[in-house]
2 protein chains.
Amino acid sequence: MQKAFVIGIGQIKIGEHWDKSPKEMAGEAALLALSDANFPRIDALFIGNMMAGTANKQLNLNSLIADWIGFRGNESIVLESACSSGAAAFRAGILALASGQIETALIVGVEKMTDSPSSEITNTLSTAADADLEVDMGVSFVALNALLMRRYMHEYGWKNADFAGFSINAHANAVNNPYARFRKPISEKNFIESGMICDPINLMDASSIGDGSAALVITNNQKYLNIKQKISVVGSSASTDTISLQTRGDPIWLTGAEKSSKDAYKQAGISSKEVNVFEYHDAFSIMAALSLEASGFVERGKGPQLAIDGEIKPNGRIPVATKGGLKARGHPVGATGVYQLVEVVQQLRGEAGDTQVSPNIYGMAQNIGGSGSNIITHILKRE
Amino acid sequence: MQKAFVIGIGQIKIGEHWDKSPKEMAGEAALLALSDANFPRIDALFIGNMMAGTANKQLNLNSLIADWIGFRGNESIVLESACSSGAAAFRAGILALASGQIETALIVGVEKMTDSPSSEITNTLSTAADADLEVDMGVSFVALNALLMRRYMHEYGWKNADFAGFSINAHANAVNNPYARFRKPISEKNFIESGMICDPINLMDASSIGDGSAALVITNNQKYLNIKQKISVVGSSASTDTISLQTRGDPIWLTGAEKSSKDAYKQAGISSKEVNVFEYHDAFSIMAALSLEASGFVERGKGPQLAIDGEIKPNGRIPVATKGGLKARGHPVGATGVYQLVEVVQQLRGEAGDTQVSPNIYGMAQNIGGSGSNIITHILKRE
């Protein structure tokens, strides 16, 4: 497969953008990425979005955004796989480049969630779960993750407070990220005293929704490459698992994350030990623990120990959520996968500011849709 | 680009499947296509769907369907571009095959529309248009097409009755298609006397919604090819246009259809004259006329003449809607593009029964999203 390079990144601050429509948010992020890439000729536009149809009464975002940003005539498509839609759009672009039909592509993740009634957002988030086997039984998306966390705590003996390190790290890192929704550090006391949402998931275990858009430009045309910052895509893999937790043989092991990360390591020719930064999908702290385990960074059942030991901090063994993660940067669901990749590029370029990791050769982003039912892993490398 | 072959097709009858969920419909079509292809090893699943999030309260169909049909662990993704979602899924599969990362893929189009309140379906169909510039002004999707048809009639002097031939041909052809929703022929009298929906679009100008699913298996692995029926994909191209009609320079010319068909002809090394069957996107009869013109089958403003002259019948110069088209087969929006491709394969294989065309070397399918804002054209060839 021909190598793809990331030559441009752009993102807008995650927040409550009541004055902006999805196309306007997407347009801003796209323009920033195109400008960063020095305005190459774009052949196709790949959009990651989950809920514009329900939250914004707007599908066909591909035509809408292509039109808005002035790409009339260009190919454009929307990829949806719940909260992993962003990485799905990136992967579709990577495959399109490799096909030889397309040379340079713009990837945009966009989601506008905060000016819909929160009940509607909760309902739409639950469409990522099995409508027949889970949602119709009255379980919400956070409740599914609470079931996972409870089971995990039971199996391995962890307590609520043991998960605090994930959120403390995320919030500490977000302080220096101007695009993050929450830029205030939190303490262990804040974590322990935070309100319970769905036992055992408290407010500080859960990521926040938000409005946001992020974008990347990828190419395999050598003439667009900036020699100082050659960031290539060396691994790309997607896997599924059962959508409902009840049909999963081992619910506290993310088989899809194991499969897609192993595949990505193999493509990149590395092991997990060589990954310098890991933007994981900490939608809930239980997902942070499970991702670290299934991706080979720590043995089974030991995820929280990495956080307790400080190994996930920017100077630790495996830095995660270096710009705040889903927890503190915010989780505009269909855009999140693109934010993760933008942040990995920032790290590999050495543009991550106070949370810069070192060395910064390999960066990995893992985007999860459903309760671990769709997992897409990418590995990027500074050449 | 490495050549892809279609080695399996499957479809279920379009109708009101109140006893089946989207996954069950998709599973049936998938099983038929897999069986037809003699059960090859599948690497990835590409799903075309528009409105499961709103109509069925179920997103993440990729995980759901992969799980349901027993592809646990396999890559799977949903493609959305309104009514062109089906062809978008096929094209994503074609590009993935060409990338070399995937060898054999299953493409499934699925849509379940009839057990939602019709107002909800009307609202969701309008999400294919521009929410800000069109829908918020009170215009529905059929109204946008009515504006196009009125303008077209004004410019070229056609009357309502002049469009009858499109619908008469579609219904006549559907009589012999066991998968079509409407299998009764209609007369010119039926057409003229049918009720007005949105002037000048009457009931017989408009396609019907429906529940349906169709599937295809594509591969570039020679070992899976049946020598008797080598159907290859020789052209694949997607284009966009402005999403809102008001910003389109020439609303009665489908620039996207012209661009994507020209591109597909070029890839296939043929002209429109060599196309033996054209499964077009006759969501409304005006779209039938505009597609024929923009794709080079007749000069501008003369679309209805082709129908009047009988040139669109199975034995005519350019047979269209040979299994009923969107008009009579039915238009389960996100699945339609896959039905079109399945029907082209039936024609190229010589399995089209009473509406078989001859010769049957090249077949073309064109799927349209929005009011011509996203157009995807494929050309298939019997080797």
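In chain B, helix α1(B) crosses helix α3(B) in the right-handed sense. The residues that form this contact are Pro22(B), Lys23(B), Ala26(B) and Gly27(B) on α1(B), and Leu61(B), Leu64(B), Ile65(B) and Trp68(B) on α3(B). The model is predicted. Chain A is treated below through its assigned domains, domain 1 and domain 2.

**Helix pair in chain B**

- Helix α1 of chain B covers residues 22–36, and helix α3 of chain B covers residues 61–68.
- The two helices pack at an angle of about 55 degrees, and their axes are 9 Å apart.
- Angles from 65 to 115 degrees would count as roughly perpendicular and those under 35 as roughly parallel; α1(B) and α3(B) are therefore oblique to each other.
- By residue class, the contact of α1(B) with α3(B) comprises 6 nonpolar, 1 polar and 1 charged.

**Domains of chain A**

- The domain assignment gives domain 1 of chain A as 4–117 + 210–229.
- Domain 2 of chain A is assigned as 128–206 + 233–382.
- A distance of 23 Å separates the C-alpha centres of the two domains.

**Contact between the domains of chain A**

- Domain 1 of chain A has 38 residues in contact with 34 residues of domain 2 of chain A.
- On the domain 1 side, the elements that give two or more residues are β1 (4–11), α4 (85–99), β4 (104–111) and β7 (212–219) of chain A.
- Helix α4(A) gives the most to that side, with 8 residues.
- The residues on the domain 1 side divide into 21 nonpolar, 13 polar and 4 charged.

Conventions:
Residues numbered from 1 in each chain as written. Chains lettered and ligands numbered in written order. Predicted model: local features only at pLDDT ≥ 70, side-chain atom pairs only at ≥ 80, totals over all residues. Axes fitted to C-alpha atoms, helices over the stretch in contact; angles between N-to-C directions. Helix = DSSP H or I, 4+ residues; strand = E, 2+ residues; numbered from the N terminus. Parallel < 35°, antiparallel > 145°, perpendicular 65-115°, else oblique. Left-handed = near helix turned anticlockwise from the far one by under 90°. Contact = placed C-beta atoms within 7 Å. Nonpolar A, V, L, I, M, F, W, Y, C, P; charged D, E, K, R; others polar. Domains from an automatic or database assignment.
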